[in-house]
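Subject: Structure handover

Hi,

Here is the structure I promised to pass on. Please open it next to this email. My notes follow below.

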Amino acid sequence: MAYYARDDFFNDPEILERSVAILKGHTSFDWMKLEIEKVKCRPSDPRRGLTFQDTNVGSYGWDAIPEKIRHNYSMAPRGAVLPQGLPHLGYDINRKSEVWSENAPALYEESKSRHWIPSRRVPWEAVEVLGHGDDFERGLAQLYTDLTMMATALGDVPSKWVWRINQELLELKMWQCAQMFDAAQLGDVFRKRAIAGGTGLGRDHAALGQLLKCVLDSGTYPCASVSAHILLCGLMQTMLRHIGSSSANAADQTIACFGVQDVSRSLAYGIGHMKNLLTVRPHEATSLADHLDEVENAAVGLMAEPIFFSALALVTAGSREKAEQALPRVCDLYRQFVSEHQQRRAAAGVASDASPLTGFVRELGA
Amino acid sequence: MSYYGSTDYSYNSDFNLRIRDIKKGNLDFSWLDDARDKVEIRRSDPRRGLMLADCEVGPYAIENTPEIVRENRGLAPRGAILAAGSDQPDLGPTLNRKSDVWGYRVQRYWEEAMSRQWNVTTDVPWQDLDKYQIPDELEIAFCQLCTLLSEVEMIATDLPAKWSHHMNSYFQDVKAFIATQCIDEARHAEVFRKRALANGVGLLRASVRGEHALKGILEADSYSEGSVFLHVLGEGFILTLFRSSEFISPSPVEQRMFQLVMQDEARHVSYGLQHLKYLMDNCEEIRPQINGFLDEAERHLTGLFNPDQLESMIVLGGKGTSPDCIRRGIEVVGAFQGKQITEYFHRAERAGLPERRERSPLLELQQRMLAMVGGG
């Protein structure tokens with residue numbers, strides 16, 4: 001046991017006597033007389049139900065969260081009456097701008113309403129009769145193996161940080177739980193798809209490991225957020241779109257469709273988070289952009305990695321024999337990704353003139 | 001930044017050669033030639049779709065995974081062909097023993113969680129709240145209960161999240177299940193919060209002693225200790241509380257809420273039991289440590305029985321504050337508290353810890369209280 005409460009409540013005669021008194025009918029009901037802000041939050045649009053936006057009122061709402069949270073380090077829900085003696089639960093992320101994005105509550109609601117079930121929504125019968133060759137399948141399986149690892153990292157980022165975030169930022173924490181769930185779902189469907197195709201999972205490789213380690217070992221939450229949500233999710237979105245358009249298999253198209261939907265939510269959060277952070281703390285733009293440049297360096301390593309590049313070429317061409325002819329299309333795909341990524345960086349306020357990805361695609365085109 | 005990739009590609013001559021190779025169209029397909037043998041995967045029950053259990057073959061199966069995973073230090077899924085040891089970046093997983101995290105039936109719980117997701121926003125009939133006239137004292141009591149429940153539910157997201165990213169990626173099934181628990185519990189905190197804010201009152205008083213119990217869970221030394229405290233003890237007690245919803249719900253809207261949260265909570269308790277059982281079956285030497293931990297955890301847990309909660313439950317159980325209602329409420333609460341303890345011991349026994357019944361301080365406390373209440 002790591003934590004021993006200062007007071008031994010278990011052997012406190014006063015507490016025992018109070019409980020016994022209540023059970024004998026000597027109630028005080030003092031909690032009934034507390035002065036609280038009374039609210040009646042009802043669905044503003046009955047078709048949508050009671051959303052978090054409907055509960056964003058008064059002291060209960062997220063608009064009331066101060067930038068620096070000093071008053072509550074416990075798990076007491078925001079807006080509750082805080083009695084004396086609440087313990088510190090060890091939260092060390094207590095600034096709203098560190099994690100908050102105005103779209104987080106809506107993204108949480110969207111995540112719940114767009115839930116899908118990999119085991120049933122994917123037409124797995126289409127994987128039992130593939131309709132394409134072994135090499136193409138191995139190329140797909142390699143990309144799905146990479147995507148499985150990316151999804152695992154995407155779930156590990158919120159897992160690493162959420163329990164350190166102050167409970168006042170409740171909707172944000174819930175959104176991070178939705179991210180963990182989405183990532184687990186994606187990891188499940190990618191792995192199942194790779195195995196079910198018959199050729200099985202592909203290879204783990206160092207270049208991808210380096211990229212994921214850069215993301216996961218980011219020193220602060222904003223650094224982790226910008227690298228996971230803007231860069232990694234952007235790359236996953238590109239890969240999934242490409243798989244969806246390259247494979248004629250209905251299962252791949254379904255996975256791509258749902259996958260893009262899920263990672264796009266995290267992309268939207270990442271941009272919203274950066275915008276909000278840099279509105280409050282504009283001086284952080286330089287260090288975040290520097291960090292993203294460093295993670296981009298690892299992404300360049302992945303994109304030029306022979307196994308990653310050749311798997312993309314194979315899937316683009318449809319067969320090993322024609323893969324060489326597909327190189328210009330893979331380069332176009334990279335250019336498209338980098339162009340979208342740079343637009344997102346600019347929208348988020350973390351643009352950079354020294355972006356390694358921009359340099360890389362320029363070099364490829366030279 | 002705490003990690004810089006091993007290669008700076010802007011100053012790397014090998015990399016420039018690689019780009020030249022790409023531009024020339026020299027593709028390396030050696031990875032195609034040393035791939036795994038083919039496997040045939042079929043849905044065992046097409047109505048259920050492709051389940052994890054259907055993919056449990058050869059190198060992909062957990063039963064073919066050693067108790068201690070040494071070879072995978074990255075994020076490779078179970079069954080992938082690993083990069084050569086020296087090439088593989090170490091992502092530092094610290095939970096690398098199967099018995100550290102595994103539970104019987106965890107794959108089934110994962111699939112079940114996926115298929116039983118629900119939505120607080122739309123699945124609770126919020127518009128029906130206007131149909132029922134809930135007396136003020138019951139509404140306030142229910143809001144006090146909701147305050148406690150939304151306070152405690154988030155521990156069941158924070159504790160699993162705290163450990164999930166430390167788990168070896170070969171145990172993806174457990175990580176995935178834990179992610180479902182996180183979203184389930186977020187939903188529980190959401191439903192009790194929304195309910196407290198929906199009907200003219202609001203959130204009431206947080207619990208100091210309850211918070212100390214939550215801190216005890218969050219600061220457990222190991223995942224297994226945290227799990228046994230959270231899943232078996234804490235969520236077990238909450239599950240029994242949810243099961244008494246018939247008595248404590250002021251209207252069918254709240255009954256619906258409890259029905260929905262109960263199915264999730266039962267799954268979490270089951271995982272905790274199956275993890276504890278797996279641990280006891282495979283790691284007998286940890287028994288004294290778990291018992292020692294529970295001795296203290298059970299003391300912490302009594303923090304949840306604070307006066308505010310006890311009184312609000314009495315009002316809800318007795319449906320009012322008149323002397324008759326209070327008498328009836330005390331009977332309801334007494335019965336359900338006894339049930340919480342009985343069911344906990346029953347669960348501990350099923351998980352392979354029958355000694356809890358003899359060893360636990362809970363029984364002694366209960367008997368002391370009964371004697372004091374009965375003594376007049």
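A cut-off comes before anything else: a residue is buried if 20 or more other C-beta atoms lie within 10 Å of its own, exposed if 12 or fewer, and partly exposed in between. B:Arg105 has 15 other C-beta atoms within 10 Å, so B:Arg105 is partly exposed. Please keep in mind that this is a predicted model.

**Two loop residues with positive phi**

B:Arg105 has a further feature. Its phi is near 65°, a positive value in a residue other than glycine. Where does B:Arg105 lie? It sits in the loop between H3 and helix H4 (106–115) of chain B.

B:Lys319 also belongs on this list. Phi of B:Lys319 is positive, about 65°, and B:Lys319 is not a glycine. The loop that holds B:Lys319 runs between helix H14 (307–318) and helix H15 (323–350) of chain B. B:Lys319 has 19 C-beta neighbours inside 10 Å, so it counts as partly exposed.

B:Ser6 is in the segment before helix H1 (13–24) of chain B. With 14 other C-beta atoms within 10 Å, B:Ser6 is partly exposed. Which residue is 83 residues from B:Ser6 in sequence and 9.0 Å from it in space? That is B:Pro89, with the distance taken C-alpha to C-alpha.

B:Leu50 is in the loop between helix H2 (30–33) and helix H3 (98–101) of chain B. Is B:Leu50 buried or exposed? It has 29 other C-beta atoms within 10 Å, so it is buried. Leave aside its neighbours within four places in sequence. The contacts of B:Leu50 are then A:Ser119, A:Trp124, A:Lys192, A:Ala196 and B:Arg43. B:Leu362 is 312 residues from B:Leu50 along the chain, and 44 Å separate their C-alpha atoms.

**Where the chains meet**

**Chain A overall**

Chain A has 14 helices and zero strands. Its C-alpha trace spans about 85 × 50 × 50 Å along the principal axes. Of the 366 residues in chain A, 58% are buried. Look also at the contacts in chain A with a separation of 6 or more. Of these, 76% join residues 24 or more positions apart.

Four residues from domain 1 of chain A and four residues from domain 2 of chain A make the contact. On the domain 1 side, two of the residues are nonpolar, two are polar and none is charged.

Two packed helices are described by the angle between their axes and the distance between the axes.

Start with helix H9 (residues 221–246) and helix H10 (residues 250–280) of chain A. Their axes are 8 Å apart and the packing angle is about 155°. H9(A) is therefore roughly antiparallel to H10(A). The crossing of H9(A) and H10(A) is left-handed. Their contact has 16 nonpolar, eleven polar and two charged residues.

Next come helix H13 (residues 327–348) and helix H14 (residues 356–365) of chain A. Their axes come within 10 Å and cross at roughly 150°. How do H13(A) and H14(A) run, parallel or antiparallel? Angles over 145 degrees count as roughly antiparallel, so H13(A) and H14(A) are roughly antiparallel to each other. H13(A) and H14(A) make a left-handed crossing. From H13(A), the contact takes A:Cys331, A:Tyr334, A:Arg335, A:Val338, A:His341 and A:Gln342. From H14(A), it takes A:Leu357, A:Thr358, A:Val361, A:Leu364 and A:Gly365. By class, this contact of H13(A) with H14(A) has six nonpolar, four polar and one charged residues.

Best wishes

Definitions and conventions:
Residues are numbered from 1 along each chain as its sequence is written. Chains are lettered from A and ligands numbered from 1 in the order in which they are written. This is a predicted model: local features need pLDDT of at least 70, side-chain atom pairs count only at pLDDT 80 or more; totals for chains, interfaces and linings use all residues. Two residues are in contact if their C-beta atoms, placed from the backbone, lie within 7 Å. Ala, Val, Leu, Ile, Met, Phe, Trp, Tyr, Cys and Pro count as nonpolar, Asp, Glu, Lys and Arg as charged, and the others, Gly among them, as polar. Axes are lines fitted to C-alpha atoms, for helices over the stretch in contact, and angles run from 0 to 180 degrees between N-to-C directions. Helices (H or I, at least four residues) and strands (E, at least two) are DSSP runs, numbered from the N terminus. Angles under 35 degrees count as roughly parallel, over 145 as roughly antiparallel, 65 to 115 as roughly perpendicular and the rest as oblique. A crossing is left-handed if the near helix is turned anticlockwise from the far one by less than a right angle, and right-handed if clockwise.
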